[in-house]
Amino acid sequence: MVRTKRVRTVLSVVCGLALAASAAAQTRTFDIAEGELKTALETYAAQSGVRLVYLSEDVRGLRTAGARGEMSQDSALSRLLAGTGLVVRRDHTGALAIVRDRTPEDAPPPPVAMPVNHGASVSPPPAARSGQDGAGVAAAPETTATTFDTVQVTGSHIKRAQMSGLGPTTVIDAETIQSSGAVSVETLLQRLPASAGAAGSQSNNFWTGNGNGATQINLRGLGVNRTLVLLNGRRMVNGGTGANNSVDLNVVPLALIERIEILKDGASAIYGADAVAGVVNIITRKDVEGVEFSSRYGQTFRGDGDITSVNLAWGTQGERGAMAGAITYAESGTIPMVSRAPCPLGVVGGRLECVGNSSTIGGRARLADGRIVNFNQDPDGDPRSYETYSPAKHNYNYNHTLNAVSPIKRIGLSAFGHYDLTDDTRLFTELMSTNRRSHQRASPNTLGVYRTIRIGAGHPTNPTGQNLTLERRRLEEAGARITAQEIDTFRAVVGLDGRWGDNWDWSVAVNWGRNTGTDTSTNIANLDRVENTLNTNLCSNAPGAAIPCGNYLGYGNLSPAVLDYILFTQRGSGGNSQQSVSGTVSGTLFELPAGSVAFASGVEWRREKGWLYPDPLVVNGSANIVRQDPIEGDYTAREAFVELAVPLLQDVPLVDYLTFNLAGRYSRYDLFGSDTNYKLGLDWQLAESLKIRLNYATAFRIPSIPELFGGIGQGSLTTLDPCSNWSALPADSVVRANCQRAGVPANFQQLGNTVLTTTGGNPALEPEDARTFTAGFVWTPGFVPGLTLTADYFRIRIENAIRSIEGSVKLRACYNTPNLSHPFCSATHFTRNAATGEIDYLSSQQVNAASEQAEGIDLGALYQFDWAGWASTVSLDASYLERYDVAPFPGAATIEYAGRITSGLGSYTQWRGLASWRMARERWSGVYSVQYIGSADDIVARPGTLGSRAPAVLYHNLQLGYGVKERWDISAGVENLFDRKAPFIQNNPNANTDTMTYDLLGRRWNVRVSYRW
């Protein structure tokens, strides 16, 4: 509670300061030189402090005569646009949109896009039509304000004239993407301060569950399955090797993206399930005119990790429609793990030393007399020698077999088009196909993990004279395992949109997506065949024997014939599919004194399916990897929503306008029944310089296909029964009272230490429930022209969160709760035999048991100014995570993640930031950016020991560009300019650091060229 009050106090103080601001003067001295229009507009924004929005393609290649002298802002902008064919439109918030000048008979104006990271957040209006009053009037000193064509902002289906977003939103525009040096979407998104926790990327994709090679975004660190990813405002099919729970960002090439809008707020009332932490809406380029070619190449300063991308885009526009297409290719190279982390490190005697892994190449065994020995590991040594096992001497350095960065190759083909069937009806299509090939290296297969191997004293390969258990034997002779994926994703959208009268828009669309993949792993041991090679009644040492005999005691003793016999390549397949039909309508219902009441409503039918078919040897447990059952399932959703934007006040003291936003969505699933979610918001423009926004919403996440239908099986798992010998416990013991109450016999004693336990998916799972609240402001102080400040407080509470709880934990929680009142005491979790007291059913399947809460503040600043003739933009985004607490089940101790680094779940450092300084002058441009990752503690390490705390890290990036000629552009850059190394994290064995947070590549350069004709 104290922390919550502190966060709110900080926000209140900042809001108070904002209220004291004064407005800017109306006229200024402008000094904007003749040259490229894009550079001139950036200079204008810096010198005037006015927000501009425009489509980068509309201004590309245009030139202006400039504007110099004392004049009004409107007059300066009018001079800049003179003769360009562009006009400006303004709304009452002061935002200006630069669009193409079109007559009423022409096609609608293109969508506008923010060239900054704060303020507006807009996406293409499906059927916006010109012809409204003042639609084609250019700004001039005597021109009155005109009416905007409405646009749709992420976070609402209502078309709005105002350009500022309804919630905390970040926009990554095309210029930022181009100057970032990135070749993949996840690289951009995972740099954002709002990104935290675990998500697949090129440097950690081997550890991405059920989808190796997949890349994702994890807003707030709440999980990739709690961030909804949209493409042009519509859902995308999940991606990976099959039955996946999130979108694979590999399928969207950067060359096609116009901008990315990130709404950091719950939005289930707007978009349905999974929009708990927020929404990422990727907007693609559609109105391409001519042909564009671009290519990028880069590598690290060590000469590895090369990255290549080649893109070809083309398009044409006519009086009634437009078509655009693109072919994209991107390939990322390999970086061996040993080049970045020569060996696994551990803290020994207060120092860092190479510790390795206890799965040895010679074989570690336990003898009948209790001694632990290790067999020969010297290729030139005695093949029958052995000695007492020593970790320092015998442990295995697996880093030389792994990659720090794994290769990915992507090829994509896309096409977008629209055609005006009538003046008020348009046909539109979106087609996209992507092929992704990726592979990762894993250390050689280890025997003794999934099946016990016992070798008798008289076995011909056993030199010890005792019975032994081979606890671990790494098959170094076979070499590394290579895990590879080939994923094909196809998406098609066909729809109609249009306009009824002057105030109503409508849209219907069919969305179909399908993802199929194959997953292979080489050098996997068949455990049945391993047993055959040890059975002297079956195997033979004769050349060419069908079953050769194997000697696993000592490195180098396994012959090629044995390796050929026991090893195989496992092959699995799977996929995901999505079909949906949706329809929306939006417009104005009636007028109030403060303005029009806006309305939107729609319906959607959606079917999601996932399947995963592992190799048969993996299913039956013969493969020497984790056993996996097939997964196959689907669900169907029927949904309806309604939104209202009600203007309450306008043009009164302390209120330029005040709008109440309301949204509700009804969802009915064939598996879960129905659910209703709502969102309430207040959009309050106090003055031209200050806006306050408040939002409260409910949200939900439905269980994924693996959580619902993941292979259900049974196995004898180590489990301690609290009621064993309960009658010997003290008379006041809660456990004693509960066992007696449950009818467990007084003389009951657990036989052994295992219980037959049901594992896997749970078709009885229910959706997770969430409550989100955000409060913030946008302030453009008049006394500092060009400056915009934002601050947003967020709080997210999740109930009925899905978790897998071990059987022992469930039993302990039940019997330690008075009167057997814990939810785990129900028959859905375990039952007992009434006569014997033995547990005859115990479930460790996924359950709705956990609760989570995240809370913090997002801060932002944008400053546009002119510096020595350079149009400059300085931006800063920062996020402070005050708390992220997880209670795994009722009564469990709360796990506090804020300020901690986990082993496998990524980092939850409290402070993250991203700052940049962009400059442009005539043909030159450049951007310098800094990413900040705050300090954090290892969640399990002993405080004060080496690697128990990670220091704050800064990554510096520099990118420079030059327009060689009107059609040619070239840029070059360096990422991680000062070659900042990843910090040592004690309990993260992969590369000795958190690969989901820190950079493994090191300093690297890139060069990009583009040509338009």
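In the predicted model, Asp 304 forms a salt bridge with Arg 340, with the closest N and O atoms 3.0 Å apart; a salt bridge is counted here when a side-chain nitrogen of Lys or Arg lies within 4 Å of a carboxyl oxygen of Asp or Glu. Asp 304 lies in the loop between strand E15 (290-300) and strand E16 (307-317), and Arg 340 in the loop between strand E18 (335-336) and strand E19 (345-348), so the pair ties together parts that are 36 residues apart in sequence. Strands (E, at least two residues) and helices (H or I, at least four) are DSSP runs numbered from the N terminus. Asp 304 is buried, with a relative accessible area of 14%, and Arg 340 also counts as buried, at 18%, where buried means under 20% relative accessible area, exposed over 50%, and partly exposed in between (1.4 Å probe, protein chains only).

Residues are numbered from 1 along each chain as its sequence is written. Because the model is predicted, local features need pLDDT of at least 70 and side-chain atom pairs count only at pLDDT 80 or more, whereas totals for chains, interfaces and linings use all residues, and side-chain values use heavy atoms, with hydrogens and water left out.

A search of the whole structure finds 46 salt bridges. Among them, Arg 234 and Glu 430 meet through their side chains at 3.6 Å, N to O. Arg 234 belongs to strand E12 (residues 234-235) and Glu 430 to strand E26 (residues 425-442), so this pair ties together parts that are 196 residues apart in sequence; both Arg 234 and Glu 430 are buried. A further salt bridge brings together the side chains of Glu 471 and Arg 366 at 2.8 Å, N to O, linking strand E29 (residues 468-474), which holds Glu 471, to strand E21 (residues 364-367), which holds Arg 366, across 105 residues. Glu 471 counts as buried at 16% relative accessibility, whereas Arg 366 counts as partly exposed at 38%.

For Tyr 884 and Tyr 908, the ring centres are 5.1 Å apart and the planes at 40°, so the pair is tilted. Tyr 884 lies in strand E45 (residues 870-887) and Tyr 908 in strand E48, 24 residues apart, and the two count as buried at 4% and 5%, respectively. Tyr 635, Tyr 669, Phe 672 and Phe 700 form one aromatic cluster.

Strand E48 also takes part in an open sheet of 4 strands with mixed pairing, in the order E48-E47-E51-E52, two strands being paired if DSSP finds at least two bridges between them. Strand E48 (907-908) and strand E52 (949-950) stand at the edges, each with a single partner strand, so one side of each is left without a neighbour in the sheet. Strand E47 (residues 900-901) is joined to E48 by 2 bridges in an antiparallel arrangement, and Ile 901 stands opposite Ser 907 of E48.

Technical notes
Rings of Phe, Tyr and Trp (its six-membered ring) pair if their centres lie within 6.5 Å; planes under 30 degrees apart count as stacked, over 60 as edge-to-face and the rest as tilted.
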